[in-house]
Amino acid sequence: MKKRLTLALTATVAAGLLLTACAGTPAETGAPSTPANENTTAETTAPEAGGKIAVMMSHMTNEFVTTVAEAAKAKGAELGYEVVVFDGKQDASTQVTQIEQAVTQGFKGILVEPVSTDGVVPGLIAANDAGVPIATLVQRASEQDLAATYIGGDEVNAAKLQMTEAIKAIGGSGNIGIIYGPMGSDAMLSRQKGYQEVLAENPNVKVAFEDTANWVTAEGLQLVENWLSTGTELKGIVSQNDGMAVGAVQAIENAGQKGKIMVFGIDATADGIAAIKDGGMQGTVSQDTPGIGRLGVETMDKIIRGETVPPEVLTTAQWITAENVDTVGK
Amino acid sequence: MTKSADRSLGSFAKDAALAAIFIVLVIALTLASPNHSFISVNNILLILVQTSINGILAMGMMYVIIAGQIDLSVGSIVGLSGVAGALFAQGGGSPVIAVLIGIVVGLGVGLLNGVGVAYGQIPAFIITLGTLTAVRGLALMVSGGAPVAGLGKDFRELASGRVLGIPLLAIYFVIIVAIAAFVLRRTVFGRRVYALGGNPVAAAVSGINVKRLTVVPFLIAGGLAGLAGVLLASRTFTGSPTAGVAYELDAIAAVVIGGVSMAGGRGKAFGVVLGALMIAVIANGLDILGIDSNAQQLIKGAIIVLAVLIDVKTRRD
């Protein structure tokens, strides 16, 4: 009896696997190109929406990632998918294990926010081998052509927008301080690249201080306190995320210099938005965080149904100040 | 008699050596800083503020380590109590009650740690490693993984306010150090903590209720961590569930630099305060000099090892 049940179960799982294998060929050929998708449509008769989509987040410990995940879930429910969110716990090998498991558990598609651009590659290969379509979210993989597509913001562009607007706001010249994310992390490097491009065109702006605060508010606060302690005159502080920018705002207020030094962030998270409304922070960049989750599931739905998708699906970056802060879409 | 004289001489030599390192560090940073800005009144107040959170944690850790135990959970308590206090303050609650909530949260975790160690016979390293993980998870669950923002002016004033130009955080720190040092050196309870860490068997024979006494240092560490969590939330104006990650290590570092023996039974609040100040001074001074934070970690590590080396070399009883 038990044996028969096991057999029946195995058969079902095998059938399920076979089905998913047929349904998700786009990534198999390596490139997210049209022919692969055409093959899919030819082999299986009109694949249908529905089933499970895995959303693999790098971690679940800040507002950015939770917002992306929630938006993905909501969109999934709307389109008739069950969206399951996995927490990669900032560990590349955990994430690869999760992808491998999802592949064997009948997920129709996988959206992954890589913990590490290189570390995620074995997971992409595993999904491709099993024929489960996989796309990257928020951040690209180092071998991005193994993924069906990329959905997210353009970090370099967002950083360029931030630095350009910041320089405009401080009047085009003077000393600034830059607060980085964890040194060597991918977001830190691409945002830094954007800064450098803009700074190269603005020789009158001098970077007086730059150091990391590891995305952490308390560290940003302390760092800026210490910068201000030197007595060096600063016109603005450009932070690679809102959390650290909020710390800078606190430091400036504590030093009684509110309004004298402008602070700029990226991400448009709730703490940053609150600081803009409060007047402590002058601007932030919204990369449409919930939009990343929504677009991710929408795009995966298209892939599952055999439609062609472009190799990059980008959200638009928008500069948020006190003037338009109330219009920031949820 | 001679032995205790030797010991106090050794202890004096150690304090002196530690103070000497600290003074050399301060002089070096002063000379190196532009316009000697390191030694300005504002910067000295700033260093006190920057010492305070870790200093408060270190006071609790000091009791735990002198009692021969360890508490790895304080950093996670900072996160949970900060979120709890901020959630309460977000609804317009009084900041004083937010602080009390934070302290109660910390006491709760401390009780769990202490009872687990004393009555459950679980090694402190293990149970506090468990609570380190579990409490962080709880902080993330309670806050939904996002920082709790939008806190009122009153709540901000709690840590960022000033009295006669002196930051409140620095004042809290000084008061807590004074109480912690007094209780440790001048009360029966304090002497029993030393006895417990020095030789638990002898302590039991001399009539101390060892199990009950073992719980108390964990309560102190937990309660102070709860307080520190709400103060940090007030200072950063955000109750972040990820606040306080690895703070337990800085607290342990302050205690160890301060000459408290990891084996228990020895150490003084004076040294621990110096240890906490030293950690803050390194970060502050090197930021002012524009030295990046990776090098700062290197220097901090070297000082921890140097301090323990001095501890070993000056211990000759």
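Contact, in these legends, means heavy atoms within 4.5 Å.

This is a predicted model, in which local features need pLDDT of at least 70, side-chain atom pairs count only at pLDDT 80 or more, and totals for chains, interfaces and linings use all residues. Residues are numbered from 1 along each chain as its sequence is written, chains are lettered from A and ligands numbered from 1 in the order in which they are written, and side-chain values use heavy atoms, with hydrogens and water left out.

View 1. Helices here are DSSP runs of H or I with at least four residues, strands are runs of E with at least two, and both are numbered from the N terminus. Thr30(B) counts as buried because its relative accessibility is 13%; buried means under 20% relative accessible area, exposed over 50%, and partly exposed in between, using a 1.4 Å probe and protein chains only. Beyond its neighbours within four places in sequence, Thr30(B) is in contact with His36(B), Phe38(B) and Ile39(B).

**View 2. Val313(A) in its strand.** Val313(A) belongs to strand β11 (residues 312-314) of chain A, and at 14% relative accessibility it is buried. Look for Gly152(A): the C-alpha atoms of Val313(A) and Gly152(A) are separated by 6.6 Å, although the two are 161 residues apart along the chain. Not counting residues up to four places away in sequence, Val313(A) touches Thr149(A), Tyr150(A), Ile151(A), Gly152(A), Leu295(A) and Thr299(A).

**View 3. Two loop residues of chain A with positive phi.** Most residues other than glycine have a negative phi. Ala268(A), however, has a positive phi of about 55°. You will find Ala268(A) in the loop between β9 (262-264) and α10 (270-278) of chain A, buried with a relative accessible area of 18%. Asp288(A) also has a positive phi, near 55°. Its place is the loop between β10 (284-286) and α11 (289-304) of chain A, and at 26% relative accessibility Asp288(A) counts as partly exposed.

**View 4. Where chain A meets chain B.** The contact takes 23 residues from chain A and 28 residues from chain B. About 2200 Å² is buried between the two chains, and carbon and sulfur atoms give 48% of that area; buried area is the accessible area (1.4 Å probe) that two parts lose on being put together, summed over both. Three salt bridges are counted between chain A and chain B, each being a side-chain nitrogen of Lys or Arg within 4 Å of a carboxyl oxygen of Asp or Glu. Arg156(B) forms a salt bridge with Asp278(A), with the closest N and O atoms 3.7 Å apart.
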